Amino acid sequence: MSTGRSRPLGGPALRRPATRWFVFALALSAAALSLAMRSAPHGSTYWRRFYAKQRYFDPVALQLSPHGRWLYVACEGRNEVLQIDTRTRLVTGALAVGRRPKGLALSPGGRWLYVANTWSNSVSVIDTRAWRVTRTLHVGWGPEGLATDRTGRYLYTANTHGNDISVVQLATGREVNRLSAGHFPAFAARLHGGWIAVSDLLARLGSLHQPPVDQLSLVDTTTRQVARRVMVPGAIQMRQIAQACLPHGSVLLIPFLQPHNLVPLVVLRRDWYAANGLAVVELHRHAPPRVREVLLDGLNRAYANGYGAVVAPHTPWALITASGVDRVSILNVHRLLRLLRSPATADLSRNLSDASHFVVRRLPTGRDPTAVVASPDGHYAYIANRADDTISVIDLHGLRSDGLIRLGVKRTVTELRRGQQLFFDADFSQQRELACATCHPDEGFEDGLLWSFEVPHLGQDIVINKTLQAIRGTGPFKWNGLNPNIATQAGPRAAKYVFRSQGFSPPQVRDLVAFIQSLRLPPNPYRAPDGRLTPAQARGRAIFFRTHTNTGAIIPEDDRCYRCHAPLTHYTSRVLMNVGTATRFDNAKAFKVPSLEGVYMRPPYLHNGEAQTLEEIWTKFNPHNRHGFTSDMNKEQLNDLVQFLKTL
């Protein structure tokens, strides 16, 4: 209760002269420090160190040394690789590498650690004995997964943005070949028998009105060529590759997502929008691979967004992480193979009761579990938890959790961190079958699939899913422009039509929107660091901004490229336009003008994904010059225009 008398701020202590001078000096020092921080150049060492202390680690990839003493952790949030002593479970070293490290591989003897820097298009080479970066290798666009051959002479990198595989001769550090892969190849593994396996995150480009097909590329390291392309029907988002050896070959276990995107979502009231499964690929040297699929979901609960996979040595156990529900499933591989070879189980790809036959335990992990590795003796497994900067330790003898390894001091959970955790969390969907990240997987933040949402006519208004990267300032959202802002998109709409639940609370929506707005595009490989254009790109820019045809006729303003794709508003006019691309499946004729930023990595194109390439937009789907005036352009001009668009 107030007495009505005021007291000096701070009490008697601050009224003493010596104390006042101390506080004044402290305030003056803080002001000087703040001024120094503001005046320091953005790229200075001081500035980088200051912000490094504020950033989360975001661990996404793991490797264990051959004897299991050292655990290496790639932290994409800090652009670092950590070294952990598995005996003391303490971080003993940290090295700065390139931007967004997302993949690790060890040389056969464990001397060299290779780090895929996705946003630097490079691989850092670490000497694990001296614990220092010795050199940097330049590879394709967006390297993520990587593996060496069994001799340690060649390194293979899965380049997500380039849709290819780099082959690097390690003695010279030169890229000696580049192999065609599928769509967003993201994970790689060295297999027994001289193979490198590379799995794709997104489905192969083709008819989007057919079930998606994911691809596994098998590289023969003796010829350094892709020897086989294994198709996994009905699947996307294949991730970490685990291998179990058999007497006459081996079997690969790869978690994947099975989307139900061809069914209008309004009829999926009791079914799931997506199922979470495991591709089981049997490999024999002289026989075609055999692909089987099983579901990891249970009857009443899904295990959303499978990510990491490993088979523990000297045990029957395989571990599969589910980043959407913060769980790891422990499988009995022998039971799984017996089930697959049973004559009574011809097709298990849609049977929700089968997981109970081979899943022996589901254990909790930290937030957003990603990669998993197992110790050489089969005693422990380690799981990277991206959204809380920890490593889960699993005791494989007792099949139980054995604590957490913290990668740094516990930090305040910021708005962006809360939004990140919500984005990857499937607890908000009806049976935990999907999170925001299910349809917008990390790296590209889009699944490249057609979906039919809340429409009154089944099979109508089928549109392709778009990326969430760099969408700030590009609203309204959805192809029909009905959502004025991201909060509407992520709030009531997601709750009603996607999650079929109460969805996020208003504070959670604010956190989620903050995270989505923080997503940025990776560095554009088509753009020179100094911003200069090549001659072809410069000619294409002139075509983009042209006002007259080749014959000198004036192009109507609404038919000029820059009118609909305005540079000052992220190359979108943010309005609906009818460019003649509507089909008989569309109730609407006009669609929101999409942004062109990062368009080089966004095939297929148009609202329904009909155009497989940028060229097809005008060569196949613009017969009446409604999508820009292009009928007078020759082949060279069209190629130049495409080259310019790829720089945006």
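**Close-up 1. Packing of helix H5 against helices H6 and H8.** In this predicted model, the buried residues of helix H5 pack against helix H6 (436–439) and helix H8 (506–518). Helix H5 covers residues 415–423, and its buried residues are Arg417, Gly419, Gln420, Gln421, Leu422 and Phe423. Buried means under 20% relative accessible area, exposed over 50%, and partly exposed in between (1.4 Å probe, protein chains only). Helices (H or I, at least four residues) and strands (E, at least two) are DSSP runs, numbered from the N terminus.

Close-up 2. Apart from neighbours within four places in sequence, Glu597 is in contact (heavy atoms within 4.5 Å) with Ala470, Leu521, His570, Tyr571 and Leu648. Leu648 is 51 residues away from Glu597 in sequence, with a C-alpha to C-alpha separation of 4.9 Å. The side chains of Glu597 and His570 make a polar contact at 3.3 Å. A polar contact is a pair of N or O atoms within 3.5 Å; within protein, one must be able to donate a hydrogen and the other to accept it, and residues adjacent in sequence count only if both atoms are side-chain atoms.

**Close-up 3. Arg239 in the loop between strands E16 and E17.** Strand E16 spans 225–233 and strand E17 spans 242–246. Arg239 counts as buried because its relative accessibility is 6%. With residues up to four places away in sequence not counted, Arg239 touches Phe187, Ser199, Leu201, Ile254, Pro255, Gly306, Tyr307, Pro441 and Asp442.

**Notes.** Residues are numbered from 1 along each chain as its sequence is written, and side-chain values use heavy atoms, without hydrogens and water. Local features need pLDDT of at least 70 and side-chain atom pairs count only at pLDDT 80 or more, while totals for chains, interfaces and linings use all residues.
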